[in-house]
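Work through the exercises below with the sequence and the coordinates at hand. Each task is followed by a solution in steps.

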Amino acid sequence: MTTTKTKWTKKDLLGLKDLSREEILLILDTAKGFCEISKRPIKKVPALRGRTVVNLFLEPSTRTRVSFELAEKRLSADNLTFSGTSSSSLAKGETLKDMARNIEAMNVDLIVMRHTSSGAPHRLARYLRPGIVNAGDGINEHPTQALLDMFTIREKKKKIEGLKVSFIGDILHSRVARSNIWGLTKLGAEVTVCGPKTLLPVDIESLGVRVTYDVDRAIEGADAITLLRIQLERQKESFFPSLREYMQTFGITRERLERAKRDVIIMHPGPINRGVELADDVADGEYSVILDQVTNGVAVRMAVLYLLSGARS
Amino acid sequence: MSILIKNVKVVGSPGISEKDKLSVLIENGIIAEIAKSVSAKAKESIDGEGLFLIPGLVDLHAHFREPGFENKETVETGAHAALHGGYVACMTMPNTNPPCDNASVVQNILEKASKIPFYLFPCGTISKQREGKELAEMAELKRAGCRAVSDDGDYVEDALLTRHAMEYVSMLDLLYISHAEDRALSRNGVMNEGKVSTRLGLRGIPNMAEAVAVARDLTLAEFTGARLHIAHVSTREAVSLIRAAKRKGVKVTAEVTPHHLIFTDEALTAYDTNFKVNPPLRQEEDIKSLREGLLDGTIDCIATDHAPHREEEKDLDFEEAPFGTTGLETAFSAVLTELYHKRKALSLADIVRLMSRRPAELLGAAEFGLIKKGIEANVALVDLAKEWTVKKDYFQSRSKNSCFIGQNLKGQVVLTISKGKVWKFV
């Protein structure tokens with residue numbers, strides 16, 4: 001693995017769509033250095049001392065929010081989290097611009113933002129001086145999740161270029177899949193997406209991925225497989241007939257995994273629907289790196305906050 | 001009161017060459033003389049050197065928001081916006097609050113409009129409360145002054161209600177305007193479904209949502225004999241369906257907006273909500289079809305779908321912000337820039353036909369859309385060469401949500417004369 005000489009210059013991290021290959025590698029390389037901090041008895045470095053980070057979570061989140069909060073604390077930033085839902089007064093009625101101005105008026109350095117609406121952080125970033133980290137916008141992007149996925153793949157496989165990575169499940173509503181597609185294709189991986197036709201975005205091939213509706217083909221030869229959460233609501237919206245049929249047709253079981261490479265890794269951004277997109281024994285089995293992803297998430301987020309904060313000083 | 005416009009070229013006047021420099025005398029609101037030289041003295045003299053006099057524009061699709069949403073637009077501010085853009089007559093859509101589904105709302109709107117030298121044609125609803133459940137009292141709407149009905153903003157989903165509505169309007173000789181959008185297919189969508197929506201992670205409204213709705217309404221119009229008008233056509237599929245129906249003799253007409261003729265969904269890349277419109281901005285192939293449709297007569301006219309919204313509403317996040325762009329003040333310049341100057345697809349006479357004469361015919365208002373001696377002076381003086389950049393402070397509309405803000409346009413309306421009164425906004 002080479003260490004890039006790129007310097008981070010961007011004010012915000014809005015998505016992997018806007019990043020260069022070098023910028024992505026810079027984040028991944030930086031994250032490597034931060035992994036070790038979380039293993040120390042005293043899990044803290046002074047990198048962001050005196051900086052204020054606000055976590056603005058306008059859509060329910062546990063995993064991502066906690067991961068960001070820990071990353072901020074381990075960097076010694078002053079942080080606070082504002083959680084609300086899209087039905088709170090903040091999202092309904094108050095304009096993004098007003099919201100932005102209020103936060104800006106409190107002299108915040110960085111804002112980590114999750115929003116139900118695609119593009120919300122992009123618009124906020126245009127109004128605001130503080131740096132924005134997109135922690136998930138609608139069905140658009142979830143860049144830190146994709147970065148931690150790529151970090152995990154790189155950790156396990158020592159490279160990304162030339163690897164075959166498959167995404168199986170609800171691609172249409174998945175910001176995780178979108179960010180991963182942008183990132184992985186930039187780093188030279190061969191990406192396959194698989195799911196019911198109803199849950200694949202129109203013209204997804206235009207993003208440079210292979211499409212298959214046959215889960216066995218998505219598994220065969222893959223170096224890494226990411227499963228995406230299937231929500232029960234989608235059944236009511238007529239995207240598929242039943243969870244039962246979904247599991248039978250697209251769910252990952254041990255038997256199906258027989259076709260996979262022996263060193264395949266199984267990933268999931270969580271929360272897992274056990275028995276729907278993957279069987280229990282797969283989620284907890286030897287191929288699963290799902291908990292490594294969670295561990296790596298903190299380091300990757302530390303790297304992102306560190307780089308963005310450095311670009312500001 | 002008399003006005004003399006000198007040295008002007010006149011377009012849209014039967015028997016008069018566009019090449020001649022003429023003098024046009026307006027006396028007491030009536031075009032009194034069109035001649036090489038007019039000896040009469042006028043109170044007001046306008047030098048038309050280098051300019052064209054065209055019939056005042058007529059819009060079949062505007063939202064003036066009154067009653068109910070006066071913070072977005074009123075009859076007065078809407079009329080001023082229209083006059084600023086060269087329009088002398090607009091049909092206003094009935095999705096007000098209360099909706100224009102009964103005579104008293106029609107009368108209320110007409111009374112407000114009567115104070116302004118401008119022509120306003122209120123469009124009534126098809127169904128009571130625009131709910132798509134029961135027919136509105138369309139005979140009474142007609143008696144109150146409506147010439148068309150529409151549930152604009154919504155498609156009438158119930159096919160039986162639509163059948164009955166079409167039978168009823170054909171009896172009354174009202175124009176049935178269809179907002180052709182299958183709501184089940186467009187549900188949750190905020191932009192065109194395609195490559196760009198996939199790239200932006202925004203939910204899509206597929207072409208099929210329009211195509212399916214147009215196909216059903218064309219079928220019902222064929223059976224019932226109703227005069228059907230398809231509002232704001234945006235897809236190549238709808239264009240070919242309408243073309244085929246016209247060949248079969250279905251009494252169908254159609255309109256397209258300037259923004260659908262000019263912008264593709266690529267305009268949404270920065271999540272700018274001024275480009276969030278319904279139907280959504282489509283793809284290059286659709287624009288191509290729409291232009292072909294305009295040229296071969298499949299699409300009858302250009303309408304603005306002037307849809308004012310408050311800045312604070314448009315400043316919401318992309319999914320929550322309302323659909324719509326204003327259009328009355330930019331339509332002429334935008335069409336001229338794109339289709340006359342840039343693509344050389346339309347002549348000024350074509351533009352007059354598409355933005356004035358033909359919409360006037362569809363309204364059953366033959367007094368508009370032409371310039372001739374003896375009729376009321378409803379005209380616009382235009383400068384084809386003027387280059388300008390659209391800025392927020394340009395608008396007379398109460399709302400500034402224009403997708404043309406920041407665009408460089410070529411050609412501008414200098415002034416509008418409506419009912420003989422000169423409107424010049426500085």
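This is a predicted model: local features need pLDDT of at least 70, side-chain atom pairs count only at pLDDT 80 or more; totals for chains, interfaces and linings use all residues.

**Exercise 1.** Determine whether the radius of gyration of chain B agrees with that of a compact globule.

Solution. Chain B has 426 residues, and for this number a compact globule would have a radius of gyration near 22 Å. The value for chain B is 21 Å, so the two agree. The C-alpha trace of chain B spans about 65 × 45 × 45 Å along its principal axes. Of the 426 residues, 58% count as buried. Among contacts in chain B with a separation of 6 or more, 74% join residues 24 or more positions apart. The secondary structure of chain B consists of 13 helices and 18 strands.

**Exercise 2.** Describe how helix 7 (residues 207-224) and helix 8 (residues 236-248) of chain B are arranged.

Solution. The two axes come within 8 Å and cross at roughly 15 degrees. Angles under 35 degrees count as roughly parallel, so helix 7 of chain B is roughly parallel to helix 8 of chain B. The crossing is right-handed. Helix 7 contributes residues including B:Val214 and B:Leu218, and helix 8 contributes residues including B:Leu241 and B:Ile242. By class, the residues of this contact are eight nonpolar, one polar and four charged.

**Exercise 3.** Characterise the side of chain A that touches chain B.

Solution. The contact takes 22 residues from chain A and 17 residues from chain B. In chain A, helix 3 (96-105), helix 4 (120-127) and helix 6 (175-186) each supply at least two residues of this side. Helix 4 of chain A gives the largest share, three residues. The classes on the chain A side are seven nonpolar, nine polar and six charged residues.

Methods
Residues are numbered from 1 along each chain as its sequence is written. Chains are lettered from A and ligands numbered from 1 in the order in which they are written. Two residues are in contact if their C-beta atoms, placed from the backbone, lie within 7 Å. Helices (H or I, at least four residues) and strands (E, at least two) are DSSP runs, numbered from the N terminus. Ala, Val, Leu, Ile, Met, Phe, Trp, Tyr, Cys and Pro count as nonpolar, Asp, Glu, Lys and Arg as charged, and the others, Gly among them, as polar. The radius of gyration is taken over C-alpha atoms; the globule rule is 2.2 Å times the number of residues to the power 0.38. A residue is buried if 20 or more other C-beta atoms lie within 10 Å of its own, exposed if 12 or fewer, and partly exposed in between; C-beta atoms are placed from the backbone. Axes are lines fitted to C-alpha atoms, for helices over the stretch in contact, and angles run from 0 to 180 degrees between N-to-C directions. Angles under 35 degrees count as roughly parallel, over 145 as roughly antiparallel, 65 to 115 as roughly perpendicular and the rest as oblique. A crossing is left-handed if the near helix is turned anticlockwise from the far one by less than a right angle, and right-handed if clockwise.
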